[in-house]
Amino acid sequence: MLVSKGFEVVWSLISKQRLGEKVSIMKAKPFIYGEVYTYDLSSHLENSDSYTLEDSDLPEGVSVDVQQGLVEGTPVQHPKRTGPFFIHLKNSTNTSDEIIHFAVKANPRDLWKNIEPDLTKPFPKTHTDRSGFENELVKVIAASRRGRDHEHRGEFREDDFRIEFDEELQMLFVAVSDGMGAYERSREASRIQCEESIVSLTESLRKGTTQSGDLLRECILDGFAKYLNEEAALDAIQPYVTQVMTNAALASYRKLVEAAKNEGVPLKGGPKNSSGKKEGFAATLLLAVIFRHQGQWCTFTFATGDGILVALDGPEVSLLMTPDKGEDHNETLPLSHIQWNSPTIVEELTARTFIHTSPDMSHIMVMTDGVSNGKLQTGSEHLDPGDWKNFCEEVLEYFDLSNMDVAAEKLEEWLHFYVKGTHDDRTLVMCELQVDDSVSNEPAFDQRGRADGDQPEETEEDDKNQNDQGNEDPGDSSTIELTNGMEVDEDDSVDDVADVEDSENEREGHSCHDPINKL
Amino acid sequence: MRRLPVYILADTSGSMSGAAIQALNNGISSMIDDLNDDPMAMETAYISLITFSSAAQQAVPLTDMMNFDVPELKASGSTSLWQALQVATEAAKREVNWRSTEGEKGDYKPLFFLMTDGHATDEPGSILSEFNSVKWGVKVCCGVGTNVDTDTLKQISDITLQIESDGDSIQQYLQWVTNSITTVSKSQVSEVPTDGGGPTDVLAPIPVSVVIPGTLVIV
């Protein structure tokens, strides 16, 4: 270690000071290696032009200009020098000595460690994950990355995501989940939720039926065709879509209940364990179903918790969720904390289910708050147009790459961006909807959408059903079936969900959550 | 960026002189050093130091860890505790970036830690209601020794406790304050459920060994 000249000079001047000489020693703003530094001497000296530089010891990259009264530059770290640094000024009028010394403080970026988690812990998860592919309908780029905070503490990533393109249905399913750090098994909760919700979506949309036995998919596509061709309200399909989406959420919830039982822990936590976490499972869930039908893009979404789920229609941004916001900053509602037996559960689930359709939809983006807190700091409730534009410029260019695999790799790197104070896990799924519409996918879709493969020509009776839907006929096909009679823990009972039919009439006129919060 | 504001109120009345004021100085110094070593705390915590004796003043306005200069506290005079609350209330209203419009994310709710070894020598007036109109994240009052007006402290805080007046206890208590700031700054990174825990849930585990038995009150 090189001996700092600073110590010697400062000590000799302190000795002079003790002997009654005019020496003043002052502390200036500390340096941070690698960060631009400016210090105005006039904040210490009354008449900086009456001083001359007697001596100085400053890190490489920093210089002093006494005439200008400035110390400035970008300090470069020397492997063996830690300071203290100083400048020694002499006042030409009264020959007093002025010492200004500069400490060095660590750059917070250098304090972040990257510690491997204990691999013997249950539910290990890779630090990153990514996925990139393209077909005639969509290009998808997705990545997830362990945040600096988890790296620093040697903890696993808690975010998760799944993407599946169902060839048979020609539909894209996206699930993104953010495990909550306060719960021991949140990384497993996010994995379960992503996996189970997509299994459920596939099943519901392939084979799911309404209570009266009609194929859910058929009901949705009929209603959607009527909306497109006959200007029927899109609301008509809301109950079916709600059924599909909330079944996915409920299927995930049941898996969580099962997992908690297997682990022998309460689902929602209980007291804190020795590592300061609650034992249970807690994670947000953002779900999207994306498909093209009769020349229109259509998206169904469901969300609980925070994060951002949006559709881009050219320059227009539509938020396809209602962010949960507690009174405080980061309070949010994980799937495991939904009150499934609440008397207003149907309304709540319906309010969480959005239908968005547009011929010009260009992108769907789903992200955890690790991304949005870093790049869209005003939060999801009021996307700042400037922030949003910058964000899109940064990430959408990856779609220009010829290989989506490579694009996903690039996105994974991008997710490591450094923004002070925001170091959560980050997950971003971006879907670019292919504008080149050869409509080649649609006949196949329609054939599957209808038992007989007929063109969507509606009968009078169909029409009547649609118009009366959810209104006079309590037994009609719009009934939501949220339960399949699976047994759950008493504490986490979902039995009452069967009662949702009782509140059927209250759904009447519930608006479909079409585009809101447009910029 | 969302900051985590922390208001530390320290009694510097004459009765604190000796080991107590020395422990307070050392404790605050170590606090800033420790927080400068934890990247999350260093990036998000902002601390203000308010001292009170015959008068109360904001010795250090809300400052980030990097630029926090630890002043040397000296003990003398009486105990203007209520005035200190007034100074803290005004400072929090002025310095914290409160969520002004719906949807905007302001700073995190400020933490409040008060330490005193005696009885207030000034009058409360209407300060308490003003103080309570600030949305504090968590309010902790620590009495040093047994000659403390705990009834007053209980009116102010979510958590009230008393510790022995020796230097070690004071430093250990301040270490807990430091750990709590670190813990809270960490918990801000990840979400908490809307029905999640009370005030003690977000802080570091209370160092029971320095608390005088039977004095811990959590509202």
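Leaving aside neighbours within four places in sequence, A:Ala142 is in contact (C-beta atoms, placed from the backbone, within 7 Å) with A:Arg130, A:Ser131, A:Phe161, A:Ile163, A:Ala408, A:Leu428, A:Val429 and A:Met430. This is a predicted model, in which local features need pLDDT of at least 70 and side-chain atom pairs count only at pLDDT 80 or more, while totals for chains, interfaces and linings use all residues. Residues are numbered from 1 along each chain as its sequence is written, and chains are lettered from A and ligands numbered from 1 in the order in which they are written.

A:Ala142 also belongs to the largest nonpolar core, which has 102 residues. A nonpolar core here is a set of buried Ala, Val, Leu, Ile, Met, Phe, Trp, Tyr and Cys residues joined through C-beta atoms within 7 Å. A residue is buried if 20 or more other C-beta atoms, placed from the backbone, lie within 10 Å of its own, exposed if 12 or fewer, and partly exposed in between. Along with A:Ala142, the members that touch the most others are A:Val174, A:Val366, A:Leu428, A:Val429 and A:Cys431. Helix 6 (residues 238-263) of chain A gives the most to this core, with 12 residues. A second, separate core of 68 residues includes B:Ala10, B:Ala92, B:Met115 and B:Ile181. In soluble globular proteins, nonpolar side chains tend to be buried together.

Let us step back to chain A as a whole. Chain A has 12 helices and 19 strands; helices (H or I, at least four residues) and strands (E, at least two) are DSSP runs, numbered from the N terminus. Of its 519 residues, 45% count as buried. Among contacts in chain A with a separation of 6 or more, 71% come from residues 24 or more positions apart.

Two loop residues of chain A deserve a look at their backbone angles. A:Phe123, in the loop between helix 2 (108-111) and strand 8 (128-134), has a positive phi near 55 degrees. A:Gln294, in the loop between strand 12 (285-293) and strand 13, has a positive phi of about 50 degrees although it is not a glycine. A:Phe123 is partly exposed, with 17 other C-beta atoms within 10 Å, and A:Gln294 is partly exposed with 17 as well.

Now turn to chain B and its strand 5 (residues 138-144), where seven of seven residues are buried. B:Val138, B:Val140, B:Cys142 and B:Val144 lie on one side, and B:Lys139, B:Cys141 and B:Gly143 on the other. Six bridges join strand 5 to strand 4 (residues 111-116) in parallel, with B:Phe112 opposite B:Lys139; two strands pair if DSSP finds at least two bridges between them. Strand 5 also pairs in the parallel sense with strand 6 (residues 159-163) over five bridges, and B:Val144 stands opposite B:Ile163. The chain crosses from strand 5 through helix 5 (residues 150-156) to strand 6 in a right-handed β-α-β crossover: with the strands pointing away from the viewer, the path from the first strand over the helix to the second runs clockwise.

Note on methods. Two residues are in contact if their C-beta atoms, placed from the backbone, lie within 7 Å.
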